[in-house]
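Dear colleague,

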Amino acid sequence: MKMGNYSAVTEFFLVGLSQYPEFQLLLFALCLIMYVIILLGSRFLIIISILDSRLHTPMYFFLGNLSFLDICYRSSSIPPMLIIFRSERKSISFIGCALQMAVSLGLGSTECVLLGVMAYGRYVAVCNPLRYPIIMNRVLHVHMAAWSWIIGSLNSLAQTILTMVLPFCGNNIIDHLTCEILALLKLICTDISINVLIMTVASFVLLISLLLILISYGFILSFILRINSAEGRTKAFSTCSAHLTVDLLFYGSGLFMYMKPKSKDTKASNEIIGLSYGVVTPMLNPIIYSLRNKEVKEAVKKVLSRYLHFLKP
């Protein structure tokens, strides 16, 4: 195939769900509401964990990282998606598409690793509470968080470069709401064996984090079942089941998107699952980690009482 017969691609057209224009206004409103909840909830958790010294622990250090990650991750995809919903010309520049894919891949991969790290931290906190400060010391938890970001960044850098240097041969119609790597790979008109290999290796690395989550919660469940108090068992199980549900929802949506059998066209169900992966799950994070968390509630009361005290004449 002669590449000279094709013009270089300078922009892409995002046509995901364009066949359902009647639903786009509804999706616009829902995504906007959930995006605002993500921003407010994640910023709230970051501010509270900074202001209250009792929350200066490894668990809330990881939670602060997750909240910051959610703000950045969703800000890279949801605002452009909202613009696409309301725009007649649903296009994005080549550079803009590459940046969006790089940021989404990097932050998504980082979140996968970070969720595994957080699950291990919960295992230590529940099953070895007396040794928790020793095991999860400052050096270890800072390194664990740093490596989460490093692994995510390296994965993104490798996959983005290997994808965007390949020829698209004039194909620029992306059947997706964002510049998602699988949708882009369908447009490439040359061999993508290296891309598939790198993606497979990256997937197995990220699945190690899922395995760590399942093993950690397996030990936590075993510990909870040995608690003598029925009330204590119920409280511990309620908290851990909520955390595990959010983790599995994130991983389940991601696995459905990236490991489902290949199909020629993107179906509406795939787009809805993608929205769940990119919007619904991060919206649940601040709700689960604040409204259901006694320490956060007490921290809020303390910060508010301090603030109200300063306002008194």
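The crossing of α3 and α5 is right-handed, a crossing being called right-handed if the near helix is turned clockwise from the far one by less than a right angle, and left-handed if anticlockwise. Helix α3 covers residues 94-127 and helix α5 covers residues 138-164, and their axes come within 8 Å and cross at roughly 150°; here axes are lines fitted to C-alpha atoms, for helices over the stretch in contact, with angles running from 0 to 180 degrees between N-to-C directions. That angle makes α3 roughly antiparallel to α5, the term being used for angles over 145 degrees. Helices themselves are DSSP runs of H or I with at least four residues, numbered from the N terminus. By class, the contact of α3 with α5 has 15 nonpolar, eleven polar and no charged residues, where Ala, Val, Leu, Ile, Met, Phe, Trp, Tyr, Cys and Pro count as nonpolar, Asp, Glu, Lys and Arg as charged, and the others, Gly among them, as polar.

Before the side chains, a word on provenance: this is a predicted model, in which local features need pLDDT of at least 70 and side-chain atom pairs count only at pLDDT 80 or more, while totals for chains, interfaces and linings use all residues. Residues are numbered from 1 along each chain as its sequence is written, and side-chain values use heavy atoms, with hydrogens and water left out.

The structure holds three salt bridges, each defined as a side-chain nitrogen of Lys or Arg within 4 Å of a carboxyl oxygen of Asp or Glu. D70 pairs with R74 in one of them, with the closest N and O atoms 2.8 Å apart; because these two residues lie four apart in helix α2 (residues 58-86), about one helical turn separates them. R74 also forms a salt bridge with E111, at 3.0 Å between the closest N and O atoms, and this pair links distant parts of the chain, from helix α2 to helix α3, 37 residues apart. R74 counts as buried at 0% relative accessibility, and E111 does at 1%, buried meaning under 20% relative accessible area with a 1.4 Å probe and protein chains only.

R122 forms a salt bridge with D247, the closest N and O atoms being 3.8 Å apart, and it joins helix α3 to helix α8 (residues 230-259) across 125 residues. R122 is buried, at 7% relative accessible area, and D247 is buried at 1%.

Definitions and conventions:
Angles under 35 degrees count as roughly parallel, over 145 as roughly antiparallel, 65 to 115 as roughly perpendicular and the rest as oblique. Buried means under 20% relative accessible area, exposed over 50%, partly exposed in between (1.4 Å probe, protein chains only).
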